[in-house]
Number of protein chains: 2
Amino acid sequence: MKMLINEPNQVVDEMLEGYAAAFPRHVTILPQNKRSLVRAGAMRPGKVGIVTGGGSGHEPAFMGLIGKGMADGVAVGNVFASPPPDPILEATRAVHGGAGILYLYTNYAGDCMNFDMAAELAGLENIRVATVRVTDDVASAPKEQPDKRRGIAGSFFVYKAAGAAADQYLPLEEVVRVAEKAKDSVRTMGVALSPCYMPQTGQPSFVLDEDEMEIGLGIHGEPGVRRGKLGTADEVSAILFQSVLDDMPLQAGDRAAVLVNGMGATPLMQLFIVYRNIAGLLESQGIQVHQSFVGEYVTSLEMGGCSVSIMKLDDELAGLIDHPAETAFFAHRQGDAS
Amino acid sequence: MKMLINEPNQVVDEMLEGYAAAFPRHVTILPQNKRSLVRAGAMRPGKVGIVTGGGSGHEPAFMGLIGKGMADGVAVGNVFASPPPDPILEATRAVHGGAGILYLYTNYAGDCMNFDMAAELAGLENIRVATVRVTDDVASAPKEQPDKRRGIAGSFFVYKAAGAAADQYLPLEEVVRVAEKAKDSVRTMGVALSPCYMPQTGQPSFVLDEDEMEIGLGIHGEPGVRRGKLGTADEVSAILFQSVLDDMPLQAGDRAAVLVNGMGATPLMQLFIVYRNIAGLLESQGIQVHQSFVGEYVTSLEMGGCSVSIMKLDDELAGLIDHPAETAFFAHRQGDAS
């Protein structure tokens with residue numbers, strides 16, 4: 001796999017330098033570990049700070065989440081590896097405005113361990129930290145074991161809701177309640193068509209035959225739930241849709257937010273063809289789409305494929321999804337096109 | 001190449017249906033040809049309408065350009081093929097607010113022919129149409145023949161400037177002047193690492209060896225200026241930067257806007273590594289970056305590679321680049337992160 005990189009071991013640091021250089025009005029690299037980004041002009045006194053993070057290779061996640069109405073700080077790990085506690089703690093201190101901090105991240109063992117250690121260290125500095133882990137990936141564990149599920153692209157909706165709550169200066173307990181509610185309301189199912197390649201080794205994350213797809217991909221190449229012959233966009237998207245629907249209590253008359261997320265190399269043209277079918281399936285079930293999002297939100301380098309995330313909305317969640325937000329990669333204004 | 005599509009001949013229509021379904025607050029498909037999109041709530045009386053278009057396969061261009069402060073209407077052709085005059089004319093009528101229309105598009109023979117025919121037909125309906133063709137691709141013809149040059153990702157800056165001028169209700173002559181000035185101030189150079197695959201045939205647009213790159217790619221697989229062994233990101237980006245700089249009068253003390261554009265399959269991580277070097281090269285030349293953009297703006301399906309566009313700014317162009325704009329794919333607010 002050809003790559004536009006320099007030293008393979010420098011890809012993350014050079015990416016961060018490029019990101020901070022490109023968007024100085026949005027983000028600043030913190031000096032101590034050089035592996036945390038915070039909002040430029042960061043800390044807002046009295047606002048709950050939202051800190052996230054995770055491995056690199058999922059861009060625009062997670063650094064692209066930094067912005068008003070979204071996350072305040074991000075700790076950046078190596079490719080597909082959790083950041084250690086130090087940059088998490090550094091980001092925590094930088095965005096602490098006296099109202100406590102929410103650690104909001106996707107549920108992987110390494111991230112859990114490192115964020116928990118950072119939370120303990122923050123506690124010693126009298127910074128109150130709460131934790132919510134996103135577990136939207138229905139393919140990663142059975143419905144009866146939701147805490148074993150991983151977090152993937154549907155996490156975007158949880159960041160959006162919690163970020164909006166914090167932006168409205170709700171107290172930490174309320175931001176946590178919103179994040180938990182958002183987390184419980186979203187499910188994701190993905191499909192991989194082709195692997196990504198690790199910058200350090202050039203090796204593919206998995207191997208698929210020329211006519212094969214893998215349903216239920218993990219965003220680091222984790223095994224899915226089944227392999228099969230690649231079908232049409234309508235067939236594949238119907239499988240993803242049904243897997244999500246089987247897992248959540250969504251019925252006629254409900255409102256939903258939808259995200260069709262590209263894994264990296266799949267053209268937008270194909271994502272819109274997928275969205276077209278998802279929209280039709282939702283309509284046929286009498287479910288109203290309140291907001292939809294199509295594009296690359298959580299990628300796996302140059303993996304081919306996509307995921308479908310659906311969030312069930314009540315009035316509160318709908319309002320939070322509609323709340324204005326702006327990062328270097330995502331902007332949303334209420335009534336924006338009117 | 002595996003693709004998430006249904007009937008290969010339906011990819012464009014299904015993509016448009018998906019796009020309009022996903023972003024109903026942004027766009028509407030016009031009913032007659034079903035190949036034009038206009039801003040939802042389209043026509044603003046007294047505002048110059050900006051109509052663009054081109055072949056599909058470059059998403060988010062061109063449909064992603066529709067929005068306040070950018071384009072008003074877009075005619076959508078088949079993959080890598082110009083739209084015929086009919087959808088161009090239909091978009092023209094729909095966005096005509098009495099102040100005339102600017103046809104602003106990238107310079108390809110098919111587009112020139114079809115937009116010119118549409119302009120003639122619009123004239124018969126007493127709609128005043130002016131035309132500006134973007135020619136930012138320095139690889140496509142020598143400096144002495146600027147009108148033979150193609151338009152690629154740098155066109156984004158021309159849409160941004162002209163869209164801002166029209167949003168400020170400048171008269172048609174002024175919008176044309178701004179578009180011409182913007183066009184003359186921007187240059188682009190690209191590199192391809194891997195081809196894209198036509199949905200209808202599954203065939204690659206070109207073939208490169210496993211260690212090869214092509215400098216000066218065309219966004220439809222047109223031949224570049226030279227092939228060579230792929231270097232590091234710093235080496236490759238330095239070649240792109242120098243090619244642009246050799247072609248434009250940019251010197252110490254000047255201000256510039258910069259776009260590092262991904263061709264489709266190249267991860268954002270790599271685009272930021274490229275941007276990092278471009279920013280360093282600009283700084284070393286004493287050129288100040290006023291605004292920078294990194295992401296996928298004009299793609300070629302799943303082609304691998306990127307392009308670097310630089311626009312020289314004076315106060316007028318800087319103000320137009322800073323002017324608020326919002327499409328389904330791009331949002332920009334003055335002082336947005338303050």
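## Exercises on a predicted two-chain model

At 3% relative accessibility, Val27(A) counts as buried, where buried means under 20% relative accessible area, exposed over 50% and partly exposed in between (1.4 Å probe, protein chains only). This is a predicted model, in which local features need pLDDT of at least 70, side-chain atom pairs count only at pLDDT 80 or more, and totals for chains, interfaces and linings use all residues. Residues are numbered from 1 along each chain as its sequence is written, chains are lettered from A and ligands numbered from 1 in the order in which they are written, and side-chain values use heavy atoms, leaving out hydrogens and water.

**Exercise 1. Find the strand in which Val27(A) lies, and its contacts.**

Step 1: Val27(A) belongs to strand β1 (residues 27–29) of chain A; helices (H or I, at least four residues) and strands (E, at least two) are DSSP runs, numbered from the N terminus.

Step 2: Leaving aside residues up to four places away in sequence, Val27(A) touches Tyr19(A), Ala20(A), Leu37(A), Val38(A), Ala40(A) and Ile66(A). Contact means heavy atoms within 4.5 Å.

Step 3: From Val27(A) to Gly73(A) there are 46 residues in sequence and 9.0 Å in space, C-alpha to C-alpha.

**Exercise 2. Decide whether Ser185(A) counts as buried or exposed.**

Step 1: Look for Ser185(A) in the loop between α5 (172–184) and β8 of chain A.

Step 2: Its relative accessibility is 14%, so Ser185(A) counts as buried.

Step 3: Among the residues that Ser185(A) touches, not counting those up to four places away in sequence, are Met248(A), Ile310(A) and Leu317(A).

**Exercise 3. Name the buried residues of helix α8 of chain B.**

Step 1: Helix α8 of chain B covers residues 315–322.

Step 2: Leu317(B), Ala318(B), Leu320(B), Ile321(B) and Asp322(B) are buried there.

Step 3: At the start of α8(B), the backbone nitrogen of Glu316(B) has a side-chain oxygen of Asp314(B) within 3.1 Å.

**Exercise 4. Work out how chain B is laid on chain A.**

Step 1: Copies are superposed by least squares on the C-alpha atoms of residues with pLDDT of at least 70 in both.

Step 2: The two copies are therefore related as by a two-fold rotation axis.

Step 3: Ala265(B) comes closest to this axis of the residues of chain B, at 2.0 Å (C-alpha).

Step 4: Of the interface residues of chain B, 97% are also interface residues in chain A, so the copies meet through the same surface.

Conventions: Polar contact = N/O pair within 3.5 Å; in protein donor to acceptor, adjacent residues only side chain to side chain.
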